[in-house]
Amino acid sequence: MLELLVISTLNGVLFGMLLFLMASGLTVIFSMLGVLNFAHASFYMLGAFFGFQISRWIGFWPALFIAPLLAGALGAAVERFGLRRVHRNGHVAELLFTFGLAFAIEEIVQIIWGKSPVDFRVPASLDFPAFRLFSTNYPAYKMFMLLVSIAIFVGLLVVLKKSRVGLIVQAALTHPHMVGHLGHNVGRIFMLVFGVGTALAAIAGVIAGPALVTQSNMAALLGPILFVVVVVGGLGSLPGAFVASLLIGLVQTFAVSMNGSLAGAFGPLSPDYAQTWLSDIWGVTIAQIAPIMPYVLLVLILIFRPMGLLGTRET
Amino acid sequence: MRQWMIAAALLPLLGGTALAQETVKIGYIDPLSGGGASVGEVGFKTFQFLAEELNAKGGILGKKVEIVPFDNKTNPQESLIQAQKAIDSGVRYITQGNGSSVAGALTDFVTKYNERNPGKEILYFNYAAVDPVLTNAKCSFWHFRWDANSDIKMEALTNYMKSAPDIKKLYLINQDYSFGESVRSAAKTMLKAKRPDIQIVGDELHPLLKITDFAPYVAKIKASGADSVITGNWGQDFALLLKASADAGLKVNWYTYYAGGTGGPTAIKQANLNHQVYQIAEGIPNLGNASADAFEKALRAKYDFSLFYPRAVNQMRMFAAAAEKAKSLDPAKVAAALEGLQFDVFDGGKGTMRKDDHQFFQPMYIASFGDRTEKEPFDEEKTGWGWRQAAKIEPEQTMLPTTCKMERPN
């Protein structure tokens with residue numbers, strides 16, 4: 001039992017940190033531009049495919065740096081030449097633009113790398129068990145993923161809280177016009193934030209690619225959960241995104257390891273109802289509904305605390 | 001991949017009517033994107049290879065065989081759209097295998113379509129969807145299945161497990177849809193009768209082809225103390241499950257339906273489970289049948305995968321045989337000719353297409369995967385390991401009764 005507890009916690013934190021890498025960029029972009037970037041998860045996918053291709057050519061370690069830079073540059077370009085033009089036509093146009101972009105990126109990835117999974121492997125130098133807990137091995141690569149995401153989280157925190165750039169970004173979050181009046185180039189700040197945000201998602205893609213599956217539907221698989229993280233954490237709140245990511249990571253992992261059902265709690269259903277829909281609900285285990293848990297959380301948060309766990313505004 | 005996408009896009013431009021006279025088109029409706037793509041693509045290439053084999057011998061009744069791909073994304077609704085698209089482009093024969101949920105929708109669709117369009121019937125060849133209901137309560141005259149259904153496979157698997165004394169604690173993990181459901185319920189009822197002493201310590205259903213990290217599930221199997229696992233998982237759901245087990249160092253015996261699918265052998269080798277993973281199927285490489293070996297060699301020389309679908313070979317060769325017997329490519333006549341047809345199957349021995357329910361019965365093999373002796377020439381996925389026969393089950397022992405009440409067209 002203790003073993004399951006510890007391993008599940010590790011797995012949950014790891015998944016949570018991965019979510020945070022993506023959600024952090026998404027939430028900052030949202031609070032600055034006022035638009036939910038539907039294509040954000042696509043940059044995560046681009047990161048994974050760039051990482052795969054570059055690690056084929058020159059190895060995994062250079063890919064870890066080059067792929068996010070490429071994806072970030074692409075993200076910045078999307079903001080500069082795409083979103084900024086569309087912005088004139090209002091939020092709906094922006095929303096539709098990112099929505100279309102997500103489809104376009106998916107199609108392009110399919111044309112270049114095909115529809116089936118690519119063979120993106122864990123680098124040999126990290127392909128060993130990091131430690132043995134009771135009788136379970138924990139892979140070194142997963143520890144590496146955890147460390148990278150924690151390092152980025154700390155770095156992001158320091159930059160935002162301690163540096164001048166962070167100060168301006170924070171100010172631009174709430175008072176973009178004032179920042180503009182003070183002589184800062186708000187447009188460039190937006191572009192940089194968009195670039196950094198998408199680069200963060202791409203880092204998540206590069207490190208998650210070998211551990212999960214690198215294929216053209218990976219953006220679609222993770223995208224919806226990202227929005228849950230951002231809404232649950234509170235739109236535009238970085239600490240909120242952090243808490244929500246960990247929460248959802250842990251909830252999903254622990255739900256899988258639980259076997260409880262209504263039948264287990266209240267005893268089996270009377271045989272009269274055995275053939276009805278009620279027996280399905282009665283017999284379903286928590287593990288089976290694990291995948292919908294984040295969405296249940298989303299609905300509950302929207303009903304009872306629409307500004308999110310740590311959010312301050314309701315829009 | 002890209003080439004055939006382009007080819008598929010250009011096909012309608014070439015003027016279907018003139019071409020339709022010369023070819024017999026088979027619509028391949030299976031996943032070519034998403035979580036099922038890895039198996040869907042292997043299936044497609046296998047069928048292409050089989051079409052080439054038939055064409056080299058002059059085709060069927062002098063007509064060239066052509067396999068036309070339609071991507072259904074493992075989604076029943078999408079499959080119906082693709083089936084309609086196939087019919088509109090002149091296809092009279094469709095084949096599908098991945099996902100009994102898809103198969104259920106397709107068989108309904110084909111039956112209804114044929115009722116409404118007499119004289120333009122469509123025939124549905126099912127090469128791998130094994131939910132028993134397709135040849136029982138939901139059977140159709142227009143549906144033929146070449147794979148042994150899930151209950152037949154479980155019957156054989158549990159007969160083998162009956163004599164394995166080291167099974168004490170068993171874990172069931174399956175995909176959450178009709179097929180996974182039938183595997184788990186058949187396993188439970190059959191083991192209760194054959195080995196009441198086996199304790200079932202876990203019974204898991206997980207979302208179909210959506211999980212990318214099975215670590216939480218493996219941690220649970222580990223915590224349950226199971227020594228053996230039964231799973232009907234296929235495609236990436238099997239490969240990733242085994243990959244996560246390898247990472248966690250889980251050492252159990254696996255009783256599976258589809259361990260040989262893409263990525264499976266690599267994951268088994270990685271987990272170092274030498275002859276601890278069993279698979280029930282209608283054929284494996286290394287059975288020593290000369291014609292099967294020759295076919296295997298030719299396939300491997302052309303593609304970088306091995307034959308995962310001996311059932312597809314039986315299907316295509318029997319299709320040709322039935323058409324020659326009926327002297328027609330009219331689906332209704334071919335269907336009538338297929339009923340009760342006896343055939344020498346790919347790996348040797350006789351198989352029969354049962355008239356009552358259109359289920360094919362054939363010799364079945366249980367095999368384990370691991371290191372090889374000189375009697376086992378073929379390895380899988382360049383792992384150096386290969387399949388070894390553990391048991392052979394004769395067709396008579398797999399003849400389960402059917403509840404099908406076949407409605408034949410008059």
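In what order do the strands of the open sheet in chain B run, and how many strands form this sheet? Seven strands form it, in the order S7-S6-S8-S9-S10-S14-S15, with mixed pairing. The model is predicted, so local features need pLDDT of at least 70 and side-chain atom pairs count only at pLDDT 80 or more, whereas totals for chains, interfaces and linings use all residues. Residues are numbered from 1 along each chain as its sequence is written, and chains are lettered from A and ligands numbered from 1 in the order in which they are written.

View 1. Strands (DSSP runs of E, at least two residues, numbered from the N terminus, as are helices, runs of H or I of at least four) pair if DSSP finds at least two bridges between them. Strand S7 (199–206) and strand S15 (386–393) of chain B are the edge strands, each pairing on one side only. Direction ignored, neighbouring strands of this sheet are turned by 20° against each other on average.

**View 2. Strands S6 and S7 of chain B with helix H8.** S6(B) (residues 169–175) and S7(B) run parallel and are joined by seven bridges; B:Leu170 has B:Ile200 in S7(B) as its bridge partner. Helix H8 (residues 215–224) of chain B packs on the sheet, where it touches S6, S7 and strand S8 (228–231) of chain B, and its direction makes about 170° with that of S7(B). Axes are lines fitted to C-alpha atoms, for helices over the stretch in contact, and angles run from 0 to 180 degrees between N-to-C directions.

**View 3. The contact between chains A and B.** Chain A contributes 28 residues and chain B 27 residues, contact being counted if C-beta atoms, placed from the backbone, lie within 7 Å. On the side of chain A that touches chain B, H1(A) gives the most, with five residues.

Conventions
Contact = placed C-beta atoms within 7 Å.
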